[in-house]
Protein chains: 2
Amino acid sequence: MAGEQSTGTFVRVAGETDELRERFGARIESLVELGEAAAPSLPGAWTPEAGAAPRRTAEVTLSWPLHNFGPSLPNLLATVAGNLWELKPFSGMRLLDLTLPPEFLARYRGPQFGIAGTRRLTAVEGRPLIGTIVKPSVGLSPAATAQRVAEIAAAGIDFVKDDELQADGPHCPFEERLRAVMAVLDRHADRTGMRVMYAINITGDLDEMLRRHEQVAAAGNTCVMVSLNSVGLPALAALRAQCQVAIHGHRNGWGLLGRSPAIGMSFIAWQKLWRLAGIDHVHVNGLRNKFCESDESVIASARECLTPMFPAPHPGCEVMPVFSSGQSALQAPDTYRALGSLDLIHACGGGIMGHPGGIAAGVSSLRQGWEAAVAGIPLDDYARGHLELAQTLAAFGR
Amino acid sequence: MAGEQSTGTFVRVAGETDELRERFGARIESLVELGEAAAPSLPGAWTPEAGAAPRRTAEVTLSWPLHNFGPSLPNLLATVAGNLWELKPFSGMRLLDLTLPPEFLARYRGPQFGIAGTRRLTAVEGRPLIGTIVKPSVGLSPAATAQRVAEIAAAGIDFVKDDELQADGPHCPFEERLRAVMAVLDRHADRTGMRVMYAINITGDLDEMLRRHEQVAAAGNTCVMVSLNSVGLPALAALRAQCQVAIHGHRNGWGLLGRSPAIGMSFIAWQKLWRLAGIDHVHVNGLRNKFCESDESVIASARECLTPMFPAPHPGCEVMPVFSSGQSALQAPDTYRALGSLDLIHACGGGIMGHPGGIAAGVSSLRQGWEAAVAGIPLDDYARGHLELAQTLAAFGR
């Protein structure tokens, strides 16, 4: 692993001197054996000629000299997530974490708004941002989208986002949708003084994303959404270099990288790349979600978003975790207890849009859920004086 | 699968009318059941409440209306390779193929040089391009790289490439390497009339790649190499829009997407995305390679590169497959027999650089191997009148 991804190849070649290996070879910092595996995790692995030799598993920490590739995320990827996955001696491999030196901050900008900036843009303090998603995912016209957003804004929401399937389809062109929704949100801001943050999906080719971002900023919106895995790190970094608004990172496609125990990457490693490249928010799934992820994994992901990537005095590049998927006020206390922070966006679809009292009641129930969480009062108790929370418990409770 | 990735979500929401589903829903074109699975392939899958309900497997063909997302590769990805991977009802899923309508050609340029253009740039006809890789991967200075390339060029090679680990490290800066290598290749061209194609690795952030491409074109080189998975489709498309030389697509990182039978993407599907975005060559591994891939899979990949993506009169976007990894003249006959084409780059490291007669003998042995392959003469027979091939057989033969 160390050899193939630094100076070496399958065999030692002419010119790979000891001095060159010393200066450019990857180092094994630690290697903790984790026991033997009964069978290879993936096909194609080399089988020892001896036949019955044991198949060992281990957690390995490697380090590379920065001068091998410089502080470049794409070239870092070629090193730590390149040919490695296809090596025959391994029948399974996951990238568990990455520690990057602060030199990367000379080339990448990190989050522009992050947690404090997102709070400033939305004027929400002392509680999570309460958010929701425009549904149906696909099929609403710009006017119908704006109508849906008008209802959502009137309900007192802090944050609303497009679905990742909705970017610039011919039935809902980006510019028309932006115009229609901003007219609604401007009216709402005039009326209430509150600027709802709209994570409008600008995912596309780079020229499209840059043009759409200009239009978003010119329209006075405060956020753009990007499907990270669909666009890649260089496009995100290029957007960040010109960006005037918060970047809401959607992680769709993540399962392909993260779901298999036999091959892939941890969210811990993955999100560091994107934070450095410049996102301000990133999806982490939610407790008791409708996807396949455990609660422990969700909380570990969210906690990592709030943990500095670099030691002081360097910026920590913290970003706001976005909890979503099957969320309602019911998850507020457990989320708060497990995360120990209010710095998150709680994005609830059904929990708000499907609330029996309507959308405004849905938003109220979320605020009440978080009030209870912060006060340490059980939801059932707090619901006695709070109708909308009581309705959530009745409708969605266990 | 069809619902979640089009109009639907976990539950039917208000506004998801029958008319909307009819216009925007994904369709199941076919569903072929493949039997039951004894156990879930991946963790996190939903377990039927009933307990012992069978876990079924199937090959499914879905279609989406183009107006859901328009001819946009990033938004296509969010649809066919997005949240799907995390859905609880599935305990495993692979994207096997993609058929795209020609409307995508209005937005993407496809290969600029492809097979015919690569042959024109190198003046190689009637046989594969013979290539090799600069090794050691990491650690050579620009001067040492140029010295290595000088030896390789003098040996009569058609094509030489950087290692994917070598892009712009501080010890081998891109501009210096380009300058040093081009001085060598220019002298070689002056002497011989032959322009060796040098796939210089420009992988980096977008501004870097565009600047490096300009320098490469200005220096008179005919090719740039990009680590595709490290940069993403929008960055590649942005490069292609300005590109004046052939784009050599390196697939490092591919194993993460392709190696697991439980989750991921076939090379067949993956390479279509990149061909449309504009690569001219793409790595397919090689027969009897040192990685974990079977020969059948390698040939299926290569054959796909030569198969039109769109029906005439649209361009087929064919690209040159690059065979590499443990290659020498030994694989020429089997490769030719299985592929039925000479349109490929045969990139041999040890088979050329480690040839007992030296590099020039290594290149000669490759040409002889392909002569034998085309003539249908067994290598052992052809080796009788061809010393360099005989040396290959003696050194690397079974």
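Colleagues, a patch here is built from residues with over 30% relative accessible area and no salt bridge, joining like charges within 9 Å and nonpolar side chains (Val, Leu, Ile, Met, Phe, Trp, Tyr) within 5 Å. A salt bridge is a side-chain nitrogen of Lys or Arg within 4 Å of a carboxyl oxygen of Asp or Glu.

The model is predicted: local features need pLDDT of at least 70, and side-chain atom pairs count only at pLDDT 80 or more. Residues are numbered from 1 along each chain as its sequence is written, and chains are lettered from A in the order in which they are written.

I begin with the surface of chain A. A:Met1, A:Ile28, A:Leu31 and A:Val60 make a nonpolar patch of about 330 Å². Of these, A:Val60 lies in strand E2 (residues 55–63). A:Val60 counts as partly exposed because its relative accessibility is 31%, the class between buried (under 20%) and exposed (over 50%), with a 1.4 Å probe and protein chains only.

Helix H10 of chain A, residues 267–277, is mostly covered, with 11 of its 11 residues buried. Among them are A:Trp270, A:Lys272, A:Trp274 and A:Arg275. After H10(A) comes A:Gly278, with a positive phi near 130 degrees.

I turn now to chain B. The axes of H6(B) (residues 206–218) and H8(B) (residues 233–242) come within 10 Å and cross at roughly 25 degrees. These two helices are therefore roughly parallel, a term for angles under 35 degrees. H10(B) (residues 267–277) and H11(B) (residues 295–305) pack at about 30 degrees, their axes 10 Å apart, and are therefore also roughly parallel to each other.

Notes. Side-chain values use heavy atoms; hydrogens and water are left out. Accessible areas come from the Shrake-Rupley method with a 1.4 Å probe; for residues, only the protein chains shown count as cover. Helices (H or I, at least four residues) and strands (E, at least two) are DSSP runs, numbered from the N terminus. Axes are lines fitted to C-alpha atoms, for helices over the stretch in contact, and angles run from 0 to 180 degrees between N-to-C directions. Angles under 35 degrees count as roughly parallel, over 145 as roughly antiparallel, 65 to 115 as roughly perpendicular and the rest as oblique.
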